[in-house]
Amino acid sequence: MPGLREQKKKATKAAIMEAAINLFGERGYESTSVSALAKAAGIGKGTIYSYFASKNEILLAFCEEELAFIHDEIRDKLDPAAPLAEKMLLVLMSDFRFVTRNKEFGRTLIRELTFPKEITIEKSRMIEERFLNLFVSIFKEGQERGQLRRDIELIVTGGHFYALYLMALSAWYSGRLHSEEDVRESLELLIEQTLNGLIPRESSSKPATASPKQGS
């Protein structure tokens with residue numbers, strides 16, 4: 001019966017990904033073999049390759065499903081009338097909590113998304129675009145509410161915020177930021193500076209210009 005077959009395939013795929021996140025977290029990505037994954041999932045090694053071409057693909061498949069769920073959840077929680085900075089902080093902190101709930105798994109995941117191997121470049125790009133598209137939809141709402149300039153390139157702006165997020169995430173992994181609250185405060189500052197700009201605002205009163213010296 002097709003329905004039961006699809007359910008079984010879905011359950012097997014979920015078992016593989018669950019085994020992966022546990023073993024990658026416990027042993028590290030490089031030290032986890034496909035054989036170990038198969039044993040933990042209760043299936044044969046060949047079965048894994050019928051679902052995934054590589055360990056990298058398992059990693060990204062898990063990321064893709066979880067991020068889709070998280071982004072849907074974020075969209076449900078976002079208040080359209082909230083300030084743009086508040087919306088961006090909600091998105092970035094939600095993703096931070098997902099990525100870092102298993103520290104070693106998150107480290108491997110970010111590395112793969114940032115520097116993908118040839119075999120998974122296309123899937124990594126798709127995940128990145130999903131992230132950027134969420135940003136763009138928030139930016140468009142900001143433009144409509146007068147919270148953001150209309151003459152900016154939204155994809156580039158999304159990439160800018162994504163880069164700031166990766167910097168904060170790197171600081172957490174390296175120990176420069178020690179807690180979730182540290183990350184939140186850093187992201188709040190980065191978002192504020194990005195939206196307000198770093199160039200000094202012009203003073204309403206310009207300083208008087210010194211008159212040239214008169215020759216004798």
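User: Why is arginine 97 called partly exposed?

Analyst: This is a predicted model. In it, arginine 97 has a relative accessibility of 35%. Buried means under 20% and exposed means over 50%. The value of 35% lies in between, so arginine 97 counts as partly exposed.

User: What makes arginine 97 and glutamate 180 a salt bridge?

Analyst: Their side chains meet at 2.9 Å, N to O. The cut-off is within 4 Å, so the pair qualifies.

User: Which helices does that pair tie together?

Analyst: Arginine 97 lies in helix H5, and glutamate 180 lies in helix H9, residues 180–196. The pair therefore ties together parts that are 83 residues apart in sequence.

User: Is glutamate 180 buried, exposed or partly exposed, and how do you know?

Analyst: Glutamate 180 has a relative accessible area of 36%. That value falls between 20% and 50%, so glutamate 180 is partly exposed.

User: Why is lysine 87 called buried?

Analyst: Its relative accessible area is 1%.

User: How do you know that the length of helix H5 agrees with what a helix should span?

Analyst: Helix H5 covers residues 84–100, which is 17 residues. At 1.5 Å a residue, H5 should span 24 Å. Its end C-alpha atoms are 24 Å apart, so the two values agree.

User: What makes H5 mostly covered?

Analyst: In H5, 13 of its 17 residues are buried. For the protein, 40% of the 216 residues count as buried.

User: What makes aspartate 151 and arginine 149 a salt bridge, and are they buried or exposed?

Analyst: Their side chains meet at 2.8 Å, N to O. That is within 4 Å, so the pair is a salt bridge. Both aspartate 151 and arginine 149 are exposed.

User: How many salt bridges does the rule give?

Analyst: The count comes to three.

User: What is the pattern of the protein along the sequence?

Analyst: The pattern reads α-α-α-α-α-α-α-α-α. The secondary structure comes to nine helices and zero strands.

Technical notes
Residues numbered from 1 in each chain as written. Predicted model: local features only at pLDDT ≥ 70, side-chain atom pairs only at ≥ 80, totals over all residues. Heavy atoms only, no water. Helix = DSSP H or I, 4+ residues; strand = E, 2+ residues; numbered from the N terminus. Expected span 1.5 Å × (residues − 1). Buried < 20%, exposed > 50% of the residue type's maximum accessible area, 1.4 Å probe, protein only.
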